[in-house]
Amino acid sequence: MTLLPDNRWTRAVAPALLLHISIGTVYCWSVFKQLIADELQASPGVIEWGFSLAIFFLGMSAAFLGPMVEKDLRKSALISTICFVTGFVGTGVSIATHFVPGIFIFYGGVMGIGLGIGYLTPVKNLMLWFSKNKGLATGIAVAGFGLSKAIASPIMEYLIEGVGLVNMFYILGAVYAVLMLLGFALIKRPEGYVYSAPPRESRRGALLRKPLFWGIWIAFYLNITCGLALISQEKDILKDILHQLPQYAQLSPNDFSIAIAGIIATVLSVDAIFNAAGRLGFATLSDHMKRRESSYVIIFVMSIAICALQLVTHSIDNALLWVVLAMLFLINAGYGGGFSTLPVLLEQHFGIKSVSTTHGLTLSAWGFAGLSGNQLASFVVTHTSDQSHRYAAVIPVITVLYAVALISIWLVSRARPALATERTI
């Protein structure tokens with residue numbers, strides 16, 4: 001007998017949010033990466049690999065451990081908790097001992113594995129409990145992952161100022177341990193669900209031989225790559241634009257940084273809200289469409305249109321702040337929406353029996369995009385011949401990539417959905 005009601009809110013939604021709000025703090029990296037570099041006397045470029053490796057291991061662990069999540073939900077929730085908390089606290093220990101490789105081992109490797117398993121764990125469970133609103137259900141959980149940055153960033157800054165960088169990792173590590181263990185205790189499959197092995201045609205080897213799978217993978221990969229390419233440069237883009245405005249143009253570098261700090265922080269918070277809203281909105285929208293691909297088509301058309309507006313108006317070079325903000329907010333929304341719509345798109349084509357396996361394998365695109373997105377933008381910015389237009393040079397590149405993604409998802413939409421799906425409760 002349990003003290004809590006045995007329903008989809010306590011057994012699916014609550015544990016999903018507890019897990020995803022915890023692991024979503026990986027995106028708070030910008031809050032403390034420079035502080036880690038200063039403390040360890042290492043270059044920011046070297047320390048940046050901690051985040052890149054975390055996203056890479058997220059994708060790879062999801063790809064390889066998807067069948068385990070499919071088979072044993074509670075085991076995967078516990079392993080995720082252990083790996084994430086160990087990695088988070090281990091990062092603090094590495095900083096305290098000035099052990100630079102520890103950042104890559106703990107934040108990148110160990111925590112990254114916890115991220116991948118934890119991200120995947122609640123998704124199919126939500127789809128089983130919310131069989132008639134699968135997009136809404138997955139959107140709720142994945143929105144928690146996107147909104148986590150807005151929740152955790154000010155808490156981290158407060159703790160860093162109050163107790164120091166290392167103690168921040170220890171304190172929040174304990175908090176996340178409690179939250180994730182509570183999620184582990186609550187999560188449960190619907191009554192009557194019985195695990196059965198996925199069909200042979202939906203196993204990893206068979207999936208990798210299907211053009212349909214690669215069409216989805218490419219569209220998903222390019223959406224993340226383009227999103228990261230822009231998001232990784234947004235602080236510098238905003239600084240460049242604000243510096244052109246009359247009220248800031250004559251300020252000294254120090255005064256300028258102080259004057260715009262609040263603006264940058266506000267924009268980043270709104271970014272997180274659009275990211276979360278996109279995750280919830282596009283996934284919910286897909287529930288009301290005949291084909292799940294339609295949400296992706298809207299995302300890519302919207303992204304191409306807003307980038308084209310920037311190209312026409314030269315908004316970055318001309319300091320048209322409203323156009324740049326619209327571009328940042330909408331691409332953040334599309335970036336988040338691509339994550340939340342993915343599970344239901346895969347279920348449409350491969351059936352629900354193998355959702356954890358197919359979802360995990362497709363998340364490998366996130367791992368590779370984590371390595372390529374930032375580096376793509378950095379390469380373009382660094383190698384642009386006219387450095388006065390270096391940030392604007394990123395926009396035509398991602399516009400072309402969004403167009404390729406649109407073609408890829410259009411080809412996917414030509415395929416027939418899977419006819420046989422697992423009976424849900």
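This is a predicted model: local features need pLDDT of at least 70, side-chain atom pairs count only at pLDDT 80 or more; totals for chains, interfaces and linings use all residues.
Visitor: What volume does the largest pocket have, and which residues lie nearest its centre?

Guide: The space in the largest pocket comes to about 930 Å³. Its lining consists of 34 residues. Those that lie nearest the centre are Ser-30, Lys-33, Ile-231, Ser-232 and Asn-374.

Visitor: How many residues in the lining of the largest pocket are charged?

Guide: The lining of the largest pocket divides by class into 13 nonpolar and 13 polar residues, with a further group that is charged. The charged residues number eight.

Visitor: Which helix gives the most to the lining of the second largest pocket?

Guide: The second largest pocket has a volume of about 560 Å³. Its lining holds 18 residues, with Glu-157, Lys-235, Ile-264, Ala-265 and Leu-268 closest to the centre. At least two lining residues come from each of α2 (29-40), α7 (134-163), α11 (234-244) and α13 (253-287). The helix that gives the most, with eight residues, is α13.

Visitor: How many residues in the lining of the second largest pocket are nonpolar?

Guide: Four residues of this lining are polar and four are charged. The nonpolar residues number 10.

Visitor: Is the crossing of α10 and α17 left-handed or right-handed?

Guide: Helix α10 (residues 211-231) packs with helix α17 (residues 364-383) at an angle of about 35°, and the axes are 8 Å apart. The crossing of these helices is right-handed.

Visitor: How many residues of the contact of α10 with α17 are charged?

Guide: On α10 the contact includes Trp-217, Phe-220 and Tyr-221, while α17 contributes residues including Trp-366, Phe-368 and Asn-374. By class, 12 residues of the contact are nonpolar and six are polar.

Visitor: Why is the pair of Phe-88 and Phe-169 classed as tilted?

Guide: The model has 29 aromatic pairs. The ring centres of Phe-88 and Phe-169 are 4.9 Å apart and the planes lie at 50°. Planes under 30 degrees apart count as stacked and those over 60 as edge-to-face, so this pair is tilted.

Visitor: How many residues apart are Phe-88 and Phe-169?

Guide: Phe-88 belongs to helix α5 (residues 73-96) and Phe-169 to helix α8 (residues 165-186). The pair links distant parts of the chain, and the two are 81 residues apart.

Methods:
Residues are numbered from 1 along each chain as its sequence is written. Side-chain values use heavy atoms; hydrogens and water are left out. On a 1 Å grid over the protein atoms alone, a cavity is a set of points where a 1.4 Å probe fits but cannot get out, and a pocket is an open set with protein on both sides within 12 Å along at least five of seven lines; lining residues have an atom within 4 Å of a point. Grid points are joined across faces, edges and corners, and a volume is the space filled by probe spheres set on the points. Ala, Val, Leu, Ile, Met, Phe, Trp, Tyr, Cys and Pro count as nonpolar, Asp, Glu, Lys and Arg as charged, and the others, Gly among them, as polar. Helices (H or I, at least four residues) and strands (E, at least two) are DSSP runs, numbered from the N terminus. Axes are lines fitted to C-alpha atoms, for helices over the stretch in contact, and angles run from 0 to 180 degrees between N-to-C directions. A crossing is left-handed if the near helix is turned anticlockwise from the far one by less than a right angle, and right-handed if clockwise. Contact means heavy atoms within 4.5 Å. Rings of Phe, Tyr and Trp (its six-membered ring) pair if their centres lie within 6.5 Å; planes under 30 degrees apart count as stacked, over 60 as edge-to-face and the rest as tilted.
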